[in-house]
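User: I would like to learn how to read a ligand site and the packing of helices in a model. Please take me through both.

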Amino acid sequence: MKLAENKATLSFSNGSPSVELPVYQGNVGPDVVDIRKLYAQTGMFTYDPGFLSTASCQSAITYIDGDKGELLYRGYPIEQLATNCDFLETCHLLLYGELPNTEEKSKFTKLVTNHTMVNEQMQFFLRGFRRDAHPMAIMTGLVGALSAFYHDSTDINNPEHRNISAIRLIAKMPTLVAMAYKYTIGQPYMYPRNDLSYAGNFLHMMFATPCEEYKVSPVLERALDRIFILHADHEQNASTSTVRLCGSSGTNPFAAIAAGVACLWGPAHGGANEAALNMLYDIQKEGGVEKIGEFIKKVKDKNSSVKLMGFGHRVYKNYDPRAKLMQETCNEVLTELGLEKDPLFKLAKELEKIALEDEYFVSRKLYPNVDFYSGIVQRAIGIPVPLFTAIFALARTVGWIAQLNEMIGDPEYKIGRPRQLFTGSTKRDVQPLAKR
Ligand code: CMC
């Protein structure tokens with residue numbers, strides 16, 4: 001970390017001596033005030049629920065400029081990666097810091113495809129779930145269960161274990177998501193096909209059956225690959241921070257990633273794509289475009305808990321660059337499938353237009369995020385709505401594992417242990433039952 005020339009001085013109005021705190025500079029983005037010694041120096045903690053002003057770690061993986069609407073993986077703009085690279089190249093970049101050359105790409109692809117099958121016993125584990133279980137409930141269980149199947153890569157302090165568990169997780173997530181899907185619809189599982197691309201193989205495991213040939217559509221394959229790239233990492237979001245915190249105790253990588261899956265499930269995070277599509281369905285059911293005004297009214301009403309799902313972001317105070325790319329992919333996929341007049345897409349575009357002109361959204365800098373259009377693309381591909389967040393988890397796995405490995409390799413890493421401002425009862429005596 002680079003020390004800035006200036007320091008921060010914290011002074012108190014009660015005459016307590018002021019303290020000087022070091023300031024560090026990142027390569028880009030806001031400086032940070034180092035408060036690690038604050039408690040030792042003053043007996044005080046800082047208070048920042050929701051981490052509104054707190055950098056929880058140093059990281060060299062992903063950078064977001066929320067005001068500009070810019071997203072960089074290892075310095076590369078997301079637009080360039082989404083247009084010039086595939087998902088496995090992006091995984092290599094996130095994990096190892098550089099885009100692979102031809103030889104490295106082929107080696108990495110071979111390594112990942114070597115691990116796409118899961119232990120056959122996992123089928124029986126899966127059978128314990130109800131057929132109507134939510135795919136994210138199944139995924140939380142399946143990913144956690146990997147630690148029971150792959151004992152030889154669970155030591156977080158061993159770099160070889162970390163690498164092999166990273167490859168296993170990236171390779172097996174599509175297999176697990178497809179298995180979760182096939183299980184709910186009662187179709188036989190399709191084994192991975194290593195002659196297909198990462199996205200192509202996923203489409204095959206999802207939609208092929210043993211009774212007839214399935215041809216992977218290159219447009220859908222590219223669209224899915226783009227969805228994976230756009231969701232691969234997003235710096236210290238809730239699920240990534242969960243993975244880091246969980247992993248900081250030294251638990252195994254599969255358990256830490258399962259914690260990330262659980263966190264991602266929530267509608268304020270990864271569950272937003274499902275919620276956004278359901279919102280569009282609801283407006284459509286109520287009357288479609290004509291009902292947008294009424295819906296927006298509800299969103300703006302402080303007494304209703306209705307939100308415009310797929311809008312707003314903690315970091316982006318401008319158009320989410322992923323949403324632009326996703327809208328482009330949406331156009332491509334709908335054209336390929338002859339669904340240009342898709343009423344939900346029309347509705348989404350109209351809703352976006354109205355919201356972007358509305359003072360409520362303008363003044364709060366609420367713009368569409370990646371989830372606004374990703375649901376429409378996934379639905380067009382044939383992915384059922386409850387599976388959307390599982391696809392997000394599949395794609396984010398590489399980000400989680402890259403961030404986890406970065407943390408373990410950081411000499412400054414410690415078990416995460418936030419403090420609190422206690423507002424409960426002070427010490428008191430237990431009264432005998434009869435006297436309470
Ligand atoms: N619809 C209506 N109002 C909103 C929305 C929305 N989608 N998002 C924020 N606001 C309002 C909010 O009510 C608040 O208004 P006021 O200042 O009058 O109280 C103001 O905007 C600031 O919002 P906030 O809740 O303080 O912002 P936050 O940073 O805590 O929340 C968010 C960010 C993403 C949780 C929130 O915008 C949201 O719930 N959006 C809908 C869910 C969604 O699309 N999530 C996906 C995020 S992108 C994918 C991912 O990273 O997982």
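Predicted model: local features only at pLDDT ≥ 70, side-chain atom pairs only at ≥ 80, totals over all residues.

Analyst: We begin with the ligand and then turn to the helices.

User: Which residues come nearest to the ligand?

Analyst: The ligand has 20 residues around it, and those that come nearest are His269, Lys302, Leu308, Gly310 and Arg314. By class, the shell consists of nine nonpolar, six polar and five charged residues.

User: Which polar side-chain atom lies 2.5 Å from an oxygen atom of the ligand?

Analyst: A polar contact is a pair of N or O atoms within 3.5 Å. In this model, the side chain of His269 places a polar atom 2.5 Å from a ligand oxygen. Tyr360 has a polar side-chain atom 2.9 Å from a nitrogen of the ligand. Ala268 takes part through its backbone, with a polar atom 3.2 Å from a ligand nitrogen. On its own the ligand has 930 Å² of accessible area, of which the protein covers 74%.

User: At what angle do the axes of α10 and α18 cross?

Analyst: Angles under 35 degrees count as roughly parallel, and 65 to 115 as roughly perpendicular. Helix α10 (residues 238–247) crosses helix α18 (residues 388–409) at roughly 40°, and their axes come within 9 Å. The pair is therefore oblique. The crossing of α10 and α18 is right-handed.

User: How are α7 and α11 packed?

Analyst: Helix α7 (residues 159–185) packs on helix α11 (residues 253–264) at about 40°, with the axes 10 Å apart. α7 and α11 are therefore oblique to each other, and their crossing is right-handed.

Notes. Residues numbered from 1 in each chain as written. Heavy atoms only, no water. Near = heavy atom within 4 Å. Polar contact = N/O pair within 3.5 Å; in protein donor to acceptor, adjacent residues only side chain to side chain. Areas by Shrake-Rupley, 256 points an atom, 1.4 Å probe, with all protein chains shown as cover. Nonpolar A, V, L, I, M, F, W, Y, C, P; charged D, E, K, R; others polar. Axes fitted to C-alpha atoms, helices over the stretch in contact; angles between N-to-C directions. Helix = DSSP H or I, 4+ residues; strand = E, 2+ residues; numbered from the N terminus. Parallel < 35°, antiparallel > 145°, perpendicular 65-115°, else oblique. Left-handed = near helix turned anticlockwise from the far one by under 90°.
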